[in-house]
Amino acid sequence: MSRLATEHAAAPIRLPVRRRASALFLAIVVIVFAIILVAPSRADAAERGTGFGTWAPISAYGWHGSMLVGGVHTYCITPGAPAPTGPSADHGISASAAGLSPQQLAGINLLVTTYGQTDDPVQAAAVAWAVKAIANREETLHAFGYRGDSLAGAIHWTMSALSPQHDRAVQERAVAYYDEAIRAAAGPSTASGSLVFTTDAADHRSGTVRVDTTAAATGTITLTNAVFAESGSPTLENAASGSTYAIRTSPPAEGRPYTVSGTGRFDAGLAAAVRHFTTPGGQETAGPAGRVQFEVSGADAAPRIPPFAPAITTRVAARDATGGAYVDEVTFTATEGSWPRADDGSYLPVTASAIVYRTDAEPVAGSAVPGDAAIVGMLHLTTDPTTGPAAPYTVSSSWEMITAGYYTAVWNVRAADQIPSVLAHTGADFAWTERFGEPSQVAV
């Protein structure tokens, strides 16, 4: 090449500033886009964990132990494939990893969770052999040339050459782990549940709570506004799914509707699942999925409303009168429950009324109203939210007693006369009526 040509070839090509900036931006975009396309999601380079052998894709005796991915000890579930020395993708908890059955996954999770997170090379190697045998027994036994049908024999075939001083210990533990894992129950991979409350129709303070779950589980329940009838405590440990427990409520405030609720945490055992990792060109591995634990909660379908049955005691202001208004002193009581209250703590108003009769003869207490008794008038009273039943009320008639005789008031409290919030406590059929002829009610 001539000097001129050489100088020409070496001369930089100068683009306008705007074209150079655009070209640089385009190059950056292409590089970033390429990285996004090729980079696996949640990928970490698998590292040598705890065990024995050669940490390489293929080796004479293989690697027998755990593989660390993101600090998690994982174990091979596709024996025969190269060791996962490259970047591994974390697929999270899986109930279908490597096409294994629920029982296989339950057994593998048992071993990986219970024994596999270890720095003991003998224990890690034993877990690795047992997990591989559960995943694919035939491949595990014969991958290194062993021709028999014994897991202990396959381990001896390899470990006697790889680490003879640990051969027997790995055999014994691996066989024990394998036997334990193949008996593991194929439980659920997930579970959920709820608490269902019932109220005794005859007594709002009594009822039950039932634990409904999608899988057999045990756990702890804590109640709000109630205790368990057997213990008197708001907390019950070792509660079982499908069981019903008697409860006794403790209303937070007298005379107000309230709701019983509860929460709990339950455990359905080790999951029939594993934390699944894959490595391109290498083994698939399993990390711990742990136990199936879940929260439960529930509450009364409707608030519990304490019952309320009001009654009245009365006394005329004066038995002997010379006419004028009929004056009565009325005191309210609750024959059942507590006086209902509003959210602000004030007493809910209760309405009562009375019919005043006049007879020529003095009435007999508790007798029926005589057929010749004259209805003189009515009395009405609604309690004050501040006073409630705490003090008597004085009621004067708007009419006057102008005819000689015996004047007797008969008070009544009816559900139909009450506001809805009071009606909820009394019930729609409630009615209370004072006896006719009460001596304290007669004015002459």
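Visitor: What is the strand order in the open sheet of three strands, and how do I read its pairing?

Guide: Two strands pair if DSSP finds at least two bridges between them. Here the order is β16-β17-β20, with antiparallel pairing. Strands are DSSP runs of E (at least two residues), helices are runs of H or I (at least four), and both are numbered from the N terminus. This is a predicted model, where local features need pLDDT of at least 70, side-chain atom pairs count only at pLDDT 80 or more, and totals for chains, interfaces and linings use all residues. Residues are numbered from 1 along each chain as its sequence is written, and side-chain values use heavy atoms, with hydrogens and water left out.

Visitor: Which are the edge strands?

Guide: Look for strands that pair on one side only: β16 and β20 (393–401). From one strand to the next, the twist averages 35 degrees.

Visitor: Where does T322 lie, and is T322 buried or exposed?

Guide: T322 is in the loop between β16 (309–316) and β17 (324–336). With a relative accessible area of 87%, T322 is exposed; the cut-offs are under 20% for buried, over 50% for exposed and partly exposed in between, using a 1.4 Å probe and protein chains only. From T322 to L162 is 160 residues in sequence and 122 Å in space, C-alpha to C-alpha.

Visitor: Which strands does β18 pair with?

Guide: Strand β18 (residues 351–359) runs antiparallel to strand β19 (residues 374–382), joined by eight bridges, and V356 stands opposite G377. β18 also pairs with strand β21 (residues 406–414), antiparallel again, over seven bridges, with R358 facing Y407 there. For a hairpin, go to β6 and β7, which have two residues between them. Strands β6 (residues 193–200) and β7 (residues 203–213) pair antiparallel over eight bridges, one of the pairs being T199 with G207.

Visitor: On to helices. At what angle do α4 and α7 cross?

Guide: Axes are lines fitted to C-alpha atoms, for helices over the stretch in contact, and angles run from 0 to 180 degrees between N-to-C directions. Helix α4 (residues 121–135) and helix α7 (residues 167–182) come within 8 Å and cross at roughly 45 degrees, so α4 and α7 are oblique to each other. Under 35 degrees counts as roughly parallel, over 145 as roughly antiparallel, 65 to 115 as roughly perpendicular and the rest as oblique.

Visitor: Which residues of α4 and α7 make the contact?

Guide: Among them are V122, W129 and I134 of α4 and V170, R173 and Y177 of α7. The contact residues divide into 15 nonpolar, one polar and one charged.

Visitor: How do α6 and α7 cross?

Guide: Their axes come within 9 Å and cross at roughly 150 degrees, and α6 and α7 are therefore roughly antiparallel to each other. The contact includes I155, H156 and M159 of α6 (residues 151–162), with V170, A174 and Y178 among the α7 residues.

Conventions
Contact = heavy atoms within 4.5 Å. Nonpolar A, V, L, I, M, F, W, Y, C, P; charged D, E, K, R; others polar.
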